[in-house]
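Student: I have not seen this structure before. Please take me through it by question and answer.

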Amino acid sequence: QMPLAQSGGGSVQVGGSLRLTCETPWKSCSWAWFRQAPGKEREVVATIDDDGITNYADSVEGRFTISLHNPKNTLYLDMNNLQPDDTAMYYCAAKPQPPLLSTAACRNRSYGAWGQGTQVTVSS
């Protein structure tokens with residue numbers, strides 16, 4: 001399966017902002033942003049369900065916003081007040097929902113589509 005297309009990474013100063021974008025062409029029931037810093041385990045940054053319910057890691061709560069547009073084929077991560085600890089490779093992911101699969105069953109599955117990652121670097 002071809003990776004999801006990502007864009008929007010870059011280098012910013014502490015307190016800066018970035019918007020990450022991910023194209024998710026297939027019908028899905030859940031989307032997420034992950035990140036992995038050098039020497040650390042990959043972690044979930046934010047998730048959003050088909051009904052718009054969102055969840056955030058404690059470390060980004062109040063600073064990051066996950067959203068869907070067009071209306072649900074483009075995934076965004078708006079990052080504000082960036083800190084050095086936010087430096088990581090960021091990955092988008094989605095749970096494709098094939099025909100006849102219920103939303104509940106879909107949401108219980110693993111993420112089946114992934115972006116190739118984009119680097120976010122926050123310097124002091």
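**Disulfides and overall form**

Tutor: This is a predicted model. We start with one link: with -85 degrees about the S-S bond, the disulfide of C29 and C106 is left-handed.

Student: Which elements hold C29 and C106, and how many residues apart in sequence are the parts they tie together?

Tutor: C29 belongs to strand β4 (residues 28-36). C106 belongs to helix α1 (residues 103-107). The pair therefore ties together parts whose separation in sequence is 77 residues.

Student: Is C29 buried or exposed?

Tutor: A residue counts as buried when its relative accessible area is under 20%. The relative accessibility of C29 is 0%, so C29 is buried.

Student: How many disulfides does the structure hold?

Tutor: A disulfide is a covalent bond between the sulfur atoms of two cysteines. C29 and C106 form one, with sulfur atoms 1.9 Å apart. C22 and C92 form another, with sulfur atoms 2.0 Å apart. The number in the structure is 2.

Student: Which parts does the pair C22 and C92 tie together, and how far apart in sequence are they?

Tutor: C22 sits in strand β3 (residues 18-23), and C92 sits in strand β9 (residues 88-96). The link therefore joins parts of the chain separated in sequence by 70 residues.

Student: Is the disulfide of C22 and C92 right-handed or left-handed?

Tutor: Both of these cysteines, C22 and C92, are buried. The torsion about their S-S bond is about 60 degrees, so the disulfide of C22 and C92 is right-handed.

Student: What is the pairing of the bonded cysteines when they are numbered in sequence order?

Tutor: One link joins C22 to C92, and another joins C29 to C106. Numbered in sequence order, the bonded cysteines have the pairing 1-3, 2-4.

Student: What pattern of helix and strands does the chain follow?

Tutor: The chain has 1 helix and 11 strands. Read along the sequence, the pattern is β-β-β-β-β-β-β-β-β-α-β-β.

Student: What is the radius of gyration of the chain, and what would a compact globule have?

Tutor: The C-alpha trace spans about 50 × 30 × 30 Å along its principal axes. A compact globule with 124 residues would have a radius of gyration near 14 Å. The chain agrees with this, because its own value is 14 Å.

Student: What share of the residues of the chain counts as buried?

Tutor: The accessible surface of the chain comes to about 6,500 Å², and 50% of that belongs to carbon and sulfur atoms. Of the 124 residues, the share that counts as buried is 44%.

Conventions. Residues numbered from 1 in each chain as written. Predicted model: local features only at pLDDT ≥ 70, side-chain atom pairs only at ≥ 80, totals over all residues. Heavy atoms only, no water. Disulfide = S-S within 2.5 Å. Helix = DSSP H or I, 4+ residues; strand = E, 2+ residues; numbered from the N terminus. Buried < 20%, exposed > 50% of the residue type's maximum accessible area, 1.4 Å probe, protein only. Rg over C-alpha atoms; globule rule 2.2 N^0.38 Å. Areas by Shrake-Rupley, 256 points an atom, 1.4 Å probe, with all protein chains shown as cover.
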